[in-house]
Amino acid sequence: MKLISYKTENKEHLGTYLNGHIYNLNACDKLIPDDMNQFLWGGEEIMLRAKQISHDISSGKLNAKEELLYEVMAPVPHPISCRDAYAFRQHVAAARRNRKVEMIPEFDQFPIFYFTNHNSITGPGEVACMPDHFQKLDFELEAAIVLNKKGRNIRASEADDFIAGYMIMNDLSARTLQMEEMLLNLGPAKGKDFATVIGPWLVTPDELEPFKVPAKKGHIGAAYALKMKCRVNGIEVSQGSMADMDWTFAEIIERCSYGCDVFPGDLIGSGTVGTGCFLELNGTGLLNNPDYPQQWLQKGDLVEMDVTGLGRLSTVITAEDSDWSILERKKGKVLA
């Protein structure tokens, strides 16, 4: 089942997406909440009711009215938290190689994540950026999950049962801000907190069963061979696979839930797939050719991410009508 959040007349709704059409779930079954957050708190019982409605519409058993005028939102428009992990060894190794430092052995010992701004989650469409964001503005090709059960100290062997579904994530990154603040061994913060794009819908795990593969040796949890691609202005710049995740989402959930509660509506990203951002691509290019033409996102760029089974997530980069720069307000630069 594909779950989609959308808006009509400035009111948010939850629907099932079938063959290019949206059907409101609450209109078909009043016990199903009409927004994603309440739906996720309903757990497995509400999920099963929604799947039955989706199946009945698809089979023709239920004659539901499709939505005609709507605005697509992030599938989980108001997550209660957002963590982003570091699951792809290829990306980490390439980034460190490009900085001419050794691969860090701790990567293979435990999964890691950081908290980002859950209030800056957005869906398909335009993303407005400030002037400093355009100082090496980057995409990051990722997958993400959302939880629909509360838990604590969850073992990896049980963690997949907490996953409501999967979606595409584009972790937009302002690299100049990010690199500057991380010199102080803290962050990322302002380099990341302005926009994280997810969508276009939430895909339940049962739909991905045909793509299931064994986790990597020594790891626990579901793994899927889903091809991941990114195009900028129609030109492919990145490709990989979710099967390349070295740490599974189950193992990441185990780490996240150690000594603290996780909740329905918690969003967790996979981290960047290998080749999945300009920072890595530019670094590799410059390592091989000092004259390599670096590329960063610009105003007007169209970023399209395709992941097998999860759909296509499209983002258009726009600019805020502002000339305010915090980079120019650093002490020793501009005192105002």
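Helix H8 is part of what covers the buried residues of helix H4 in this predicted model. H4 spans residues 89–98. Its buried residues are His91, Val92, Ala94, Ala95, Arg96 and Asn98. Just after H4, lysine 100 adopts a positive phi of about 60 degrees.

Glycine 276 sits in the loop between strand S20 (266–269) and helix H8 (278–288). This glycine is buried, with a relative accessible area of 0%. Beyond its neighbours within four places in sequence, glycine 276 is in contact with Phe139, Glu140, Leu141 and Ser238. Phe139 is listed among the core residues that touch the most other members, and Glu140 belongs to a network of salt bridges. The C-alpha atom of glycine 276 lies 11 Å from that of arginine 231, a residue 45 positions away along the chain.

The largest nonpolar core holds 62 residues. Within this core, Phe139, Tyr166, Met242, Phe249, Ile252 and Leu297 touch the most other members. Helix H7 (residues 249–256) supplies the largest share of the core, 5 residues. A second core is separate and contains 28 residues, including Leu18, Ile53, Cys82 and Ala144. In soluble globular proteins, nonpolar side chains tend to be buried together.

Charged pairs were examined next. Side chains of opposite charge can pair when their charged atoms come close. The whole structure contains 18 salt bridges. One of them joins lysine 2 to glutamate 207, with the closest N and O atoms 3.1 Å apart. Lysine 2 lies in strand S1 (residues 2–8), whereas glutamate 207 lies in the loop between strand S14 (196–203) and strand S15 (212–213), so the bridge ties together parts 205 residues apart in sequence. Lysine 2 is partly exposed, at 21% relative accessible area. Glutamate 207 is also partly exposed, at 28%.

Another bridge pairs lysine 330 with glutamate 180, at 2.6 Å from N to O. Lysine 330 is in the segment after strand S22 (311–319) and glutamate 180 is in helix H6 (residues 175–182), so this pair ties together parts 150 residues apart in sequence. Lysine 330 counts as partly exposed, at 30% relative accessibility. Glutamate 180 is partly exposed as well, with a value of 28%.

Aspartate 306 and arginine 231 form a further salt bridge, their closest N and O atoms being 3.0 Å apart. Distant parts of the chain are linked here: aspartate 306 is in strand S21 (residues 302–307) and arginine 231 in strand S17 (residues 227–232), 75 residues apart. Both partners are buried. Elsewhere, Asp138, Glu140, Asp171, Arg175 and Lys192 are linked in a network of salt bridges.

Overall, the protein has 8 helices and 22 strands. Its radius of gyration is 20 Å, close to the 20 Å that the globule rule gives for 336 residues, so the protein is as compact as a globular protein of that length. The C-alpha atoms fill a box of roughly 65 × 50 × 35 Å along the principal axes. Buried residues make up 51% of the 336 residues. Among contacts with a separation of 6 or more, 72% join residues 24 or more positions apart. The accessible surface comes to about 16,100 Å², and carbon and sulfur atoms account for 51% of this area.

Terms used:
Residues numbered from 1 in each chain as written. Predicted model: local features only at pLDDT ≥ 70, side-chain atom pairs only at ≥ 80, totals over all residues. Heavy atoms only, no water. Core = buried A, V, L, I, M, F, W, Y, C linked by side-chain atoms within 4.5 Å. Buried < 20%, exposed > 50% of the residue type's maximum accessible area, 1.4 Å probe, protein only. Helix = DSSP H or I, 4+ residues; strand = E, 2+ residues; numbered from the N terminus. Salt bridge = Lys/Arg side-chain N within 4 Å of Asp/Glu carboxyl O. Contact = heavy atoms within 4.5 Å. Rg over C-alpha atoms; globule rule 2.2 N^0.38 Å. Areas by Shrake-Rupley, 256 points an atom, 1.4 Å probe, with all protein chains shown as cover.
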